[in-house]
Structures are given as structure tokens and as C-alpha cells.
Amino acid sequence: MIDGILIGLQTALSIQNILMVIGGCLIGTFIGMLPGLGPMSIISIMIPVAISMGDPAAALILLAGVYYGAIFGGSTSSILLNAPGVAGTVATSFDGYPMARQGKAGKALTIAAIASFAGGTIGAVLLMIFAPMLSSVALLFHSAEYFALMVVGLSAIAAFAGTGQVAKAILMTLLGLIMATVGEGALFNMPRFTMGLMDLQSGFGFITLAMAMFALPEALFLVLNPARSAQGDNGEIKDMRITRAEARSIAPVIGRQSLQGFFIGVLPGAGATIASFLGYAVERNIAPKHEQDEFGKGSIKGLAAPETANNAACTGSFVPLLTLGIPGSGTTAILLGALIALNVTPGPRLMLDDPQIFWAVIISMYIGNLVLLVLNLPLIPYIAKILAVPRTFLIPFILFFTLMGAYIGQNNATELLLLVGFGICATVLRFADYPLAPLLIGFILGGMMENNFSRSMQLYDGISFVWERPMTMGLLAIAALLVILPSYRAQRARARAAGVADGD
Amino acid sequence: MALDRWIGLILLGLFLAYGYAAWFTMDGELAPFMRRNPIWPSTFPKVLSVLGILFALIILSGFEKGEVKIGDIDYRRLGDYHLVPALLLLGLMAAYALLLRPAGFLFSTSAFLIAGAVILGERRWFLMIIVAAIATGVVWYLVQVVLGIYLRPLPGFLGG
């Protein structure tokens with residue numbers, strides 16, 4: 001392994017490759033800030049550039065830089081504008097945006113940068129150690145377990161997202177799931193629930209829905225109540241530094257989430273999105289009571305958890321790609337395409353046949369993370385200045401970027417009308433205190449969940465996979481507990497409160 | 001009845017309609033060979049519709065009553081807020097959606113940015129026009145030239 005690391009260092013530390021990492025990180029960060037252009041689209045745009053370089057190691061190093069840069073850029077727009085452009089950064093906005101509104105935008109970005117750095121770096125160490133072993137474990141997970149894992153994820157979100165109102169959160173999750181069934185599914189070649197409309201044939205766009213659920217209601221709230229924007233940052237970047245006590249409180253979160261995120265990322269198909277949501281839910285659940293109430297209102301733990309987890313998961317998703325040749329996520333699928341175009345076949349033989357590529361990728365992950373931290377920390381005060389733009393200009397621009405994000409993704413003007421319509425519905429739902437995050441998460445996971453459910457039904461010729469596979473049953477039992485426990489506890493607390501009132 | 005229960009009622013209707021489609025109309029179009037499969041396109045929607053109806057009823061029945069919380073905006077006093085600009089901006093977004101293709105990207109985007117700022121009370125015309133023109137040009141250059149995603153720049157009659 002030491003030989004490999006040395007070869008990797010030698011390749012990655014040439015002047016050309018260091019420039020590649022820096023360039024990639026910068027391009028990724030700036031384009032990633034635009035909602036609608038996630039890592040997947042930026043990497044696919046950069047592929048022609050990478051392939052024309054001809055050197056597979058340099059190409060991969062460039063693409064890895066773009067990848068990490070894009071993820072950090074996505075977190076920036078989640079934190080500053082509540083406009084998550086990528087599914088993996090939706091959970092970042094839960095606590096990142098409230099922090100920005102309290103005037104702590106600089107601190108939020110710093111925590112995001114450090115958490116991403118730690119997640120990515122620890123992930124890369126784990127990748128080096130576990131890559132060969134994990135490839136065989138990942139194969140033990142069948143579609144039945146994936147389905148059950150997603151049920152656990154959704155129940156965890158529903159149980160913790162609603163402010164003690166589990167039924168509302170579950171109803172929103174179900175609404176997201178039925179929205180995911182609109183259009184043509186992958187397994188059945190027939191359009192469903194399109195009401196005969198051609199524009200719905202491919203289903204609703206993720207970006208459209210994400211913008212409609214988060215960015216648009218937020219912008220409307222800012223218009224409805226101008227005092228709201230005044231409550232926030234007035235352009236001064238106060239206390240960017242993290243205090244010692246804060247560092248001590250997020251350190252264990254970063255440690256736990258690096259591990260958890262990495263191992264979730266290894267499972268093909270699970271990826272950064274599930275890792276970030278589960279990371280958020282887990283940290284919220286295990287936090288002490290007084291800190292639990294902080295979650296969703298600007299908790300630094302709630303920001304550090306998803307940021308660490310999604311970066312660790314991104315690194316984890318390279319395990320099945322490099323060791324089995326199976327891409328675990330959309331982004332790694334595109335990287336696989338780039339590798340094949342460069343005459344490299346990832347798979348069990350990669351480590352033996354082309355060790356310099358395998359190790360150069362891993363080393364470039366460290367360098368990518370380091371460069372990102374070095375580049376971004378000094379830039380943070382300038383990035384956070386976005387909030388100092390007068391609201392008469394800022395709000396039209398936020399609205400414009402939400403519209404552009406939805407349009408670029410689908411190249412369809414109907415999508416823009418859908419965005420406005422969903423945005424109005426989301427605003428009304430927010431008035432009535434319905435949580436919107438479960439809806440979006442249900443929508444994101446809905447397609448994958450149905451595919452895995454269908455595949456297991458086909459394999460087992462019915463629903464019997466639930467009791468024939470112990471791991472599936474265990475996961476589903478956890479999911480049931482997650483839903484029942486909080487509502488039972490809330491009922492009991494209410495009953496007790498009522499009893500006290502009567503006694504008085 | 002509070003707003004959240006009205007929404008529960010609307011969602012109940014939605015899930016009922018969805019469930020009706022899943023249970024009664026969808027399977028009619030199924031090819032005969034697909035009927036032997038253990039899973040049909042309607043299987044997952046059927047499960048979802050039952051769960052959805054169940055939880056909508058729970059909310060309607062007020063079984064899980066939380067304390068009434070007033071969020072950032074109290075909808076009972078909606079008139080006290082700046083409702084008119086919010087509605088105008090929504091209208092502007094819809095107009096942008098309809099005009100983007102026929103009027104071209106450059107014109108509709110600068111018009112959108114200027115009109116949006118005017119609705120919010122901005123009156124520094126010169127600054128607005130400069131900012132809108134630069135932003136439109138930069139975004140168009142980035143998306144069309146750098147990223148290669150086609151955006152029709154000019155109205156159709158100008159050959160855009």
C-alpha cells in the first residue's frame with residue numbers, strides 16, 4: 001500500500017496536476033453556486049475537456065476537483081439563499097439558512113467548509129483502508145434491503161422533521177412519494193398519472209420541486225414581511241471564527257458522520273442524499289434535549305452533520321466504482337463513462353493493472369479537499385457579501401435563478417409554470433405549519449424506492465421478501481419504531497399535561 | 001376549522017382521486033402478459049393511496065392535536081403584510097415563463113429583473129437598467145457559450 005501511495009503522490013503532485021485541482025475546484029465552486037447545476041451536470045460539461053487531455057490521471061484529478069468544488073458551491077447557495085441546487089445539500093439548508101439569517105453567514109460557511117474537508121479527508125483514508133473489503137459487503141445488500149433502508153430513512157425524516165406532528169410529516173412524505181410516481185417509470189414502459197399531458201411524461205423535475213419548496217416560499221416571505229430580511233445579516237460578517245466550545249461540540253459529530261456517511265456512500269445507489277438526511281436525523285436524535293430544540297433554528301451540529309456526511313459519502317461512492325466497476329451514483333456513472341473513454345476499465349483489476357491511476361485518484365481527493373479549504377476560507381467574506389445586496393435587487397435575482405435552474409434542467413417552459421404553481425402551494429403549506437422537507441425527500445427517494453420494491457417483488461414473486469430476509473425485516477421494524485415512538489411519547493406527554501391541569 | 005385541517009381535507013381529496021386512478025382505472029390498460037407479474041404499475045401507488053387516505057383522516061379528525069403555533073407569517077392577518085407585491089411578483093414569474101421562448105432570453109430576462117425591482121420599490125432607473133443588462137449578458141454568455149445550453153437570445157421575428 002505504501003508503494004501505491006508513493007506512486008499516487010508522485011503523479012498527483014506534479015505542477016500540471018496541482019493546477020488541474022485548483023482550476024477544477026474553482027470552476028466547480030462557482031458553477032455549483034448556480035442552482036440547477038449540480039456536480040453531475042458540471043462534470044458532464046467538463047468531460048470533453050478532460051478527455052481531450054489524454055492523460056487519465058490528470059483528467060480524473062481535474063474531475064475530482066470539479067466534483068468537490070461543485071458540492072461546496074451547492075452548500076453555499078443552500079446556506080445563503082435557502083436554494084439547494086443539489087439533493088445532497090437539501091439538509092444543509094435546514095440549519096445553514098437560519099444561521100445566515102441570524103447574521104452568522106460567515107460562520108456557517110466556515111463550518112460547512114471545515115465539515116466538508118473533514119468528511120472528505122476521513123472518507124479518503126477509509127477508502128484506502130476498506131476499499132477491497134467493502135466491495136464484497138456492498139454486494140450483500142439486495143434490492144429488498146435497499147427498499148427497507150429507504151423506508152427507514154423516510155420514517156426517520158418524518159419522525160424528526162415535524163415539530164411533534166408526525167402525521168403531518170408522514171402525509172407530506174406520502175405526497176412526495178406520489179409525485180414521484182407521475183410520469184414514465186424505469187420498470188414499466190407506460191406513463192402513469194400524467195392526465196394525458198405530454199409535459200408530464202418525464203415526471204416533475206427535481207430542481208423545479210426543490211426551488212418551489214424552499215427558495216420560492218422564502219423569497220415570498222421576504223416580500224410579505226420586509227422586516228424579515230432586516231432581521232438577518234446587514235452585510236457585516238460578524239464572528240467568522242469558530243469558538244473553542246463550538247469546535248468541541250461539532251468534533252464528535254464530524255467524526256461520527258464521516259464514518260456513517262462513508263459507509264452509506266459505499267452502498268451503490270444510496271449515495272450522498274440519503275447519507276446527509278440520515279446524518280441529520282441521527283445527530284438530532286442523539287443530541288441532548290436542549291440542543292435538539294436548536295435543530296432547524298441554526299444549530300451548528302445540524303449544519304456540520306449533513307455537510308460531513310455528504311462529502312464522506314461522495315468519497316464512499318468511489319469504492320464500488322473503483323473496485324467493482326459499478327457506479328453507485330449518477331456522478332460516478334458519468335466518471336465511469338469518462339474513464340472508459342480514456343481507455344481505463346475500473347474493476348477488480350484496476351488496482352493491479354493501473355495502480356498509478358487508482359492511487360492518483362485517492363491522493364487527488366486529499367489534495368482536492370485541501371485546496372478547496374485553502375481557496376474557500378479566504379473567499380468566504382466575499383461570498384457572504386451576497387446577502388448585503390439590497391433586497392430590491394436580491395429578491396428578483398433569487399427568483400430569476402430559481403427560474404433558470406428549473407429551465408436549464410428540463411429546457412421546458414412549462415416547468416416554469418409548474419414552479420410558480422408548486423411555489424404557491426408550498427407557501428400555503430408553510431402557512432399551515434406543514435413541514436416541506438419530507439415532501440422533497442419523499443420525491444427524491446420515491447423513484448429508487450419503487451424500483452427496489454418492484455425488483456424484490458419480482459425476485460420473490462410477492463411480498464414474502466419482507467419475512468424471508470432477516471435484514472429487511474430488521475430495518476422495517478426500526479422504521480416502524482421510529483414512527484410510533486415519537487407519537488406515543490407526544491400523546492403521553494399531552495395526557496400528562498392534561499392530567500396536571502385537571503388536578504390543579 | 002383551521003387552515004391545516006382544510007389542507008388535510010384537500011389532500012384527502014387528492015389521495016382519493018389518486019387512489020381511484022390506481023385501484024380502478026389504471027389496470028385496464030395493462031397488457032395481458034403483464035398481468036402475470038407479481039408487481040403491476042399500480043401496485044406501489046395502491047399502497048401509497050391507502051396510507052395517504054389514512055394519514056389525511058388522522059389530521060382531519062384532529063387526533064394529533066399540536067398547540068396552535070404562529071409561524072413567521074400569521075395567515076389570519078394576511079392583509080397586514082405586503083400582499084400586493086408578492087402577488088405581482090408571482091404574476092411576473094408566470095409572465096416570464098410564457099414570454100421566455102417567444103420574446104427571447106435577453107429581452108425577457110432584463111425586463112423581468114427591472115420589473116421585479118420596480119415592484120419592490122426600487123426607483124434608481126439608471127442603476128437598474130445597467131445591473132439588469134450586465135446580469136442578463138453574463139448569464140446568457142455563461143449558459144449559452146460556456147456551457148453550450150441553447151437559449152434563444154432574441155425574439156423570433158429578429159431571427160433569434
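How many residues does the largest nonpolar core have, and which of them have the most contacts inside it? This is a predicted model, in which local features need pLDDT of at least 70 and side-chain atom pairs count only at pLDDT 80 or more, while totals for chains, interfaces and linings use all residues. Residues are numbered from 1 along each chain as its sequence is written, and chains are lettered from A and ligands numbered from 1 in the order in which they are written.

The largest nonpolar core has 200 residues, and those with the most contacts inside it are Ile61(A), Leu63(A), Leu171(A), Met211(A), Leu403(A) and Leu440(A). Such a core is a set of buried Ala, Val, Leu, Ile, Met, Phe, Trp, Tyr and Cys residues joined through C-beta atoms within 7 Å; a residue is buried if 20 or more other C-beta atoms, placed from the backbone, lie within 10 Å of its own, exposed if 12 or fewer, and partly exposed in between. Helix 4 (residues 56–81) of chain A gives the most to this core, with 17 residues, helices being DSSP runs (H or I, at least four residues) numbered from the N terminus. Because domain 1 (3–69) and domain 2 (81–158) of chain B both give residues to this core, it lies between them; the domain bounds come from an automatic or database domain assignment. The centres of these two domains of chain B, taken over C-alpha atoms, are separated by 40 Å.

Where the two chains meet, 53 residues of chain A and 54 residues of chain B take part in the contact, two residues being in contact if their C-beta atoms, placed from the backbone, lie within 7 Å. On the side of chain A that touches chain B, the largest share, 10 residues, comes from helix 19 of chain A. Leaving aside neighbours within four places in sequence, Leu403(A) is in contact with Leu416(A) and Leu419(A), and also with Met93(B) and Tyr96(B).

On the other chain, Ala86(B) is found in helix 3 (residues 83–103) of chain B, and counts as buried because 20 other C-beta atoms lie within 10 Å. Not counting residues up to four places away in sequence, Ala86(B) touches Leu220(A), Val223(A) and Leu224(A).

As for confidence, chain B averages a pLDDT of 84, with 89% of the residues scoring at least 70; pLDDT is the predictor's confidence in each residue, from 0 to 100. For the complex, the predictor gives an ipTM of 0.90 and a pTM of 0.76.

Conventions
Helix = DSSP H or I, 4+ residues; strand = E, 2+ residues; numbered from the N terminus.
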